[in-house]
Amino acid sequence: MMTYLVLETHRAYAVVLDSEGRFLKVANLGYAVGQELEEVMAIEEKRALPFSLSPRFVQGLAAAAVMVFMVLGSWQVLLSPQGSVEMQINPDIMATVNRLDRVIRLEGLNPDGVTLIEDYQARMQPVDRVARDLAVKALQEGYLTDGGQINLIIDGQQDAWVAETGTRLSQELEAQFEGRVRIVILVPGETPPPAPEPIVIPVEPEPAPTPSPAPVSTPTPAQVTPAPAPAPAPTYDDDDDDDDWDDADDDDADDDD
Amino acid sequence: MSQGDKLITMVEEAKKDGQAADRLIEAYLPFIRAETAKFIHRHPQEGQDEELSVAMFAFYEAAMAYDASRGAFIALASRNIRHRLIDYSRKEARHRGLISLDDQGPGEDDQSLLDRIDDGTDRIGDRVENQALQMEIEAYRQDLALFGLTLSDVADRCPKQERTLKACQQVLAYAKTEPGLIRDLLQTKKLPVTALAKGSGVAKKTIERHRDYVIALLLAFSNGFEIIRGHLHAMTIEEKGGEA
C-alpha cells in the first residue's frame, strides 16, 4: 500500500515523499513533519505541449481525428449521455447531457416542471443556454422571485466533468441574475440549505398622545395616496457574457520525460 | 502599480518561492475564507474545517497553473476552489457515519477516543522515534540546501512519467554499487552526470533534465537517513553493475 511521509509543511501545501520515491506537493490538511499518511490530495498539473509538436500540427491532428470519429459513427456518441443536470427551482427539471454538453433529453420532475418546459426546444442545445433560458422563464412566469434560490445537482461518471459543469453553470446563472437569486450546487443526495430568513426589525409603537381640549376645526377632505406605479418587468439581457477565463483544454499529449 | 498588477506579481513570485506562496495565501485568506463559506454555508474555522485547508490548497494550485494571457487570476482561483471543494465533499461522503479517533469521547475530560484505546503500542517509543525522524528530515533538508535546493524544488521537478521515474531509480541502483560516486557528490556538490550515464545506461539528457531529483535520491541513500530510506519500501531498485 502506498504511504506518504510528510517532509515539509507550508500554509497551503505540504511536500511528501511517497513509498515509491516520488516527491509530491499535496494539500496541507493540518499535517506535521514526520507524519505518515495513507491518502493525500496531490496537486493537478497542466502538461505542456512538447517542443517537437507545433500547435498547428496538433490542430491538424485534432481535425483529422474528428473526421475519423464522425466516420466511425459519431451519432452514437452524440446520443449517449455523459451526465445530468437537475435544476430545483420548484418547478424542478432535469436535463440529460451528452459528451458535447448538449441536452439530449429534458424532463419535468414535478407538474410545475412539466409546465415550465412546455413548448421549449432543448434538444441538442448547449446545457448552459438551456439552464439560463429555463431559469429566466421561471422568473418571468412567477415561479422564481428576487431573493429566491436555484439548486443545481450535477451527476455523472466523471468527477472532473461534474465539478467543471457545476462551476460553469453556477457562474453563468450568477452572472445572469446579478446576485438577485441564490445559486447553490448540491452533491446528489445532499439536503439543500435553508433559504436565508428575512431580517425583521420590530418597531415600537409610538406612545398615545395626551388628550387636549378639542379645538373646533373644519374637517379636511381625506387625502388619497395614489397607488404606486407597478415596477416595470425586468428585462434580461440574453447576450452571453464570456467568462474571462477560458476553460483549460485537456492536453492529452505526453511530454517527452 | 494597480491592484491587479500587484496580484499578478505576487502570483509569479509565488510560483518560484515557497515563502512568497505562503505570503500570497495570507494576503488572500479573507477571499479564500469567503469562497469556502459560500460552499459550506457557514464561516470556516481554521484548524477545524478541513474545507478551508482544501480551499487554500486550491488557491495555491491555481497560482501555480496561472497564465496571465488567459484571463483573471481571481476567476481561476474561485473556480478551482469550488472544483476542489466539490471533489472533497464527494470523497468525504464515503466516510459519512464514521467517527474519528481524534474526536473527544464521552465524559468531561479532554481525552480523544484514540487516547482511551489501549492498542498495546509504545506511545513513548513512538514519540522518540518521531523526534528522531523530524531531526533526520531537518538534516536532509539542510543537505539539500547545500546544493541550492529546497524540498519544494525537488517536488516541482520530480518526474511525472513512470518510465522516467524508473530511469532515475536505475541511476540510483548503479550509484549504490559505486560508493565513490556518492562521496564525490557530497564533496564537490556536483552531480557526476557522465559517470552515472555511462554506468547506468540512462541517457545523459534524462539525468540532466532531472538532476535535482537524482541529487535528492542519491542524498537519501547517503549516510544518516535510515528512517527516510526505510519509508521507501515500495521502491524497487534493481542493483545494476557498471558497464565496461
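Predicted model: local features only at pLDDT ≥ 70, side-chain atom pairs only at ≥ 80, totals over all residues.

Every value I quote is computed.

Start with chain A. Chain A has five helices and nine strands. Along the sequence, the order is β-β-β-β-α-α-β-β-β-α-α-β-α-β. Chain A holds 257 residues, and 39% of them count as buried. Now the contacts in chain A with a separation of 6 or more. Residues 24 or more positions apart account for 47% of those. The accessible surface of chain A is about 16400 Å². Carbon and sulfur atoms hold 55% of that surface.

Now chain B. Chain B has 14 helices and zero strands. Of its 244 residues, 45% are buried. Take the contacts in chain B between residues at least 6 apart in sequence: 57% join residues at least 24 apart. Chain B exposes about 13100 Å², and 50% of that comes from carbon and sulfur atoms.

On to helix packing. Two packed helices are described by the angle between their axes and the distance between the axes.

Pair one is in chain B: α3, residues 29-40, with α4, residues 50-65. Their axes come within 9 Å and cross at roughly 125°. Because of that angle, α3(B) is oblique to α4(B). The crossing of these two helices is right-handed. Which residues make the contact? From α3(B), they are B:L29, B:F31, B:I32, B:R33, B:T36 and B:I40. From α4(B), they are B:E51, B:L52, B:A55, B:M56 and B:F59. By class, the contact of α3(B) with α4(B) has eight nonpolar residues, one polar and two charged.

Stay in this part of chain B for a moment and look at α2, residues 18-27. Its buried residues are B:G18, B:A20, B:A21, B:D22, B:L24 and B:I25. What covers them? The cover includes α1 (3-16), α3 and α4 of chain B. It also includes β2 (13-18) of chain A. So the cover of α2(B) includes elements from both chains, where touching means heavy atoms within 4.5 Å.

Pair two is also in chain B: α9, residues 162-177, and α11, residues 193-200. The angle is about 95°, and the axes are 9 Å apart. That angle makes α9(B) roughly perpendicular to α11(B). On the α9(B) side, the residues are B:Q170, B:V171, B:Y174 and B:A175. They meet B:A195, B:L196, B:G199 and B:S200 of α11(B). The contact of α9(B) with α11(B) has five nonpolar and three polar residues, and no charged ones.

The crossing is right-handed. From α4(A), the contact uses A:V127, A:D128, A:A131, A:R132, A:A135, A:V136 and A:L139. From α5(A), it uses A:R168, A:L169, A:E172, A:L173, A:Q176 and A:F177. The classes in the contact of α4(A) with α5(A) are eight nonpolar, one polar and four charged.

Last topic: loop residues in chain A. Most residues other than glycine have a negative phi. Two residues here have a positive value.

A:N90 has a phi near 60°. It sits in the loop between β5 (81-88) and β6 (92-98). Is A:N90 buried or exposed? A:N90 is exposed, because its relative accessible area is 51% and the cut-off is over 50%.

A:M124 has a phi near 65°. Its loop runs between α3 (111-117) and α4 (127-140) of chain A. With 27% relative accessibility, A:M124 is partly exposed.

One more loop residue. A:T145 is in the loop between α4 and β8 (149-156) of chain A. It is partly exposed, at 48% relative accessible area. What does A:T145 touch, leaving out residues up to four places away in sequence? It touches A:L139 and A:V181. A:L139 is also one of the α4(A) residues that contact α5(A). The C-alpha atoms of A:T145 and A:R180 are separated by 8.3 Å, though the two are 35 residues apart along the chain.

That's my tour. Over to you.

Conventions:
Residues numbered from 1 in each chain as written. Chains lettered and ligands numbered in written order. Heavy atoms only, no water. Helix = DSSP H or I, 4+ residues; strand = E, 2+ residues; numbered from the N terminus. Buried < 20%, exposed > 50% of the residue type's maximum accessible area, 1.4 Å probe, protein only. Areas by Shrake-Rupley, 256 points an atom, 1.4 Å probe, with all protein chains shown as cover. Axes fitted to C-alpha atoms, helices over the stretch in contact; angles between N-to-C directions. Parallel < 35°, antiparallel > 145°, perpendicular 65-115°, else oblique. Left-handed = near helix turned anticlockwise from the far one by under 90°. Nonpolar A, V, L, I, M, F, W, Y, C, P; charged D, E, K, R; others polar.
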